[in-house]
Amino acid sequence: MNNLAQRKAVALISGGLDSLLAVKLVQEQGIYVEGINFYTGFCVEGHTHAIRKKDQSKPKRNNALWSAEQLGIKLHIIDIIEEYKDIVFNPKYGYGANLNPCLDCKVFMVKKAREWMEENGFDFIITGEVVGQRPKSQRKETMPIIQKDSGIDDRLLRPLCAKNLPETMPEREGWVDREKLMGFSGRNRKPQIALAKQFGFEDFAQPAGGCCFLTDENYSVKLSDLWKSRGEKTYELDDIMLLKVGRHIRPENNYKVIIAREEGETKYLQGYKKQYDSLRMTSHTGPMALLDGTPDDAQVNLAAAIVARYSKGRDEPVVTLVYQKKTGEQQELTVKPASPEHVLPEWML
Amino acid sequence: MIELDCRRLLCPMPVIKVQDKVNELSQGQELLAVCTDPGVQNDIPAWCRINGHQVLSIENDEDEYRVLIKVGQND
């Protein structure tokens, strides 16, 4: 390869500040960059905004696309939903505080980026990792594991903390000047904020809980419950999307009720009426609900009473609902709304 | 014109479907993405801007968003 040719790097773009800055630092050194963003199905990005009405006053934007536009780079969004399941089910390095397989996830994403890099004739990979920033994947001991297991070795450059790490190929070959890279470490965000200001970036995303639902305790409880009820670790995209929506109440192992909490969620759940049996209040204003599993008649009536508890008719002696099977067949139900003591705390997921 | 059904998909899935379809098409061809997630009003134009394609129109018909795209130069 001609040493004078412009070198090309592919960057993992999450949509957060770190990857934005990492790319900018190497662009400043004349490197051509394109971005990759992986979609696992667990990404926080966008979904809750799309579903929940209360969030709709905020501007919706995909932060990975926004970052790419700020940087003037192409962005390739890659669906890894199916391949990612094995990472979630069998993480070689285990889970973090919740069901987050952060180290395996990073290895997998760097490996996929390496394959893309090789197929497309790029020279190296950039990430926005900072040593010591994340308890599982971004530690001095785990960073070499990512390089080794992904097969990228020293063609992985972490511009934000490069000075704290061994020299990589892009530095050794003189494609980038190590002295112009950073030596950030730890969880302090002040150096990143200062660098963003220096580059003139404003309005960048700083998600408080990371960008993945698997790091969320409540979400992980619901996913564990799903696996327990099915007797095996398994999911489809619709399953993991529905875990982000509504109240989930499981009175027994063979079924659970998913109750919309507001209008946006009702609208979203309506889209699943051909895949799940559903309940809808008719005598009073109330939420839409889906039934996941195989409830018998008595269980459907209990589910209806639970749904009624969240309706305007909660204090009435009886209310009516329509129970609609996924086949379209409908049945009217008359039930007494469940009182708070009849909805046991252990049912609430 | 080619129509792409992205109904019920939440972002970024409609963007991914548009991206994969656009990559199969030639410069100048038109693609109509029919979507239900309002997020596509921002995300598909953003994806088109950074990848050199053009959004000709976005029509909102009841709960559907019909995004018409003209394919630019593919690599």
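Two strands are counted as paired if DSSP finds at least two bridges between them. In this predicted model, that criterion gives an open sheet of six strands in chain A, ordered β6-β7-β9-β8-β10-β11. The pairing is antiparallel. From one strand to the next, the twist averages 25°. The edges are held by β6 (247-252) and β11 (330-335) of chain A. Each has a single partner strand, so one side of each lacks a neighbour in the sheet. For β6(A), strand β7 (residues 255-259) of chain A is joined through four bridges, and the two run antiparallel. Within this pair, A:R247 has A:I259 of β7(A) as its bridge partner.

Chain A is assigned two domains, domain 1 (8-213) and domain 2 (245-347). Their C-alpha centres are 41 Å apart. The largest nonpolar core comprises 116 residues. Those with the most contacts inside this core are A:A9, A:I125, A:A304 and A:V307. Helix α5 (residues 102-119) of chain A supplies the largest share, nine residues. Both domains of chain A contribute residues, so the core lies between them. Beyond its neighbours within four places in sequence, A:A9 contacts A:V26, A:I31 and A:V33, and also A:F122, A:D123, A:F124, A:I125 and A:I126.

Chain B shows a parallel pairing. Strand β1 (residues 2-6) of chain B and strand β2 (residues 30-35) of chain B are paired in this sense over five bridges. Helix α1 (residues 13-22) of chain B lies on the path from β1(B) to β2(B), and the β-α-β crossover is right-handed. In β2(B), B:L32 is the bridge partner of B:E3.

Key: Residues are numbered from 1 along each chain as its sequence is written. Chains are lettered from A and ligands numbered from 1 in the order in which they are written. This is a predicted model: local features need pLDDT of at least 70, side-chain atom pairs count only at pLDDT 80 or more; totals for chains, interfaces and linings use all residues. Domain bounds come from an automatic or database domain assignment. A crossover is right-handed if, with the strands pointing away from the viewer, the path from the first strand over the helix to the second runs clockwise. A nonpolar core is a set of buried Ala, Val, Leu, Ile, Met, Phe, Trp, Tyr and Cys residues joined through C-beta atoms within 7 Å. A residue is buried if 20 or more other C-beta atoms lie within 10 Å of its own, exposed if 12 or fewer, and partly exposed in between; C-beta atoms are placed from the backbone. Two residues are in contact if their C-beta atoms, placed from the backbone, lie within 7 Å. Axes are lines fitted to C-alpha atoms, for helices over the stretch in contact, and angles run from 0 to 180 degrees between N-to-C directions.
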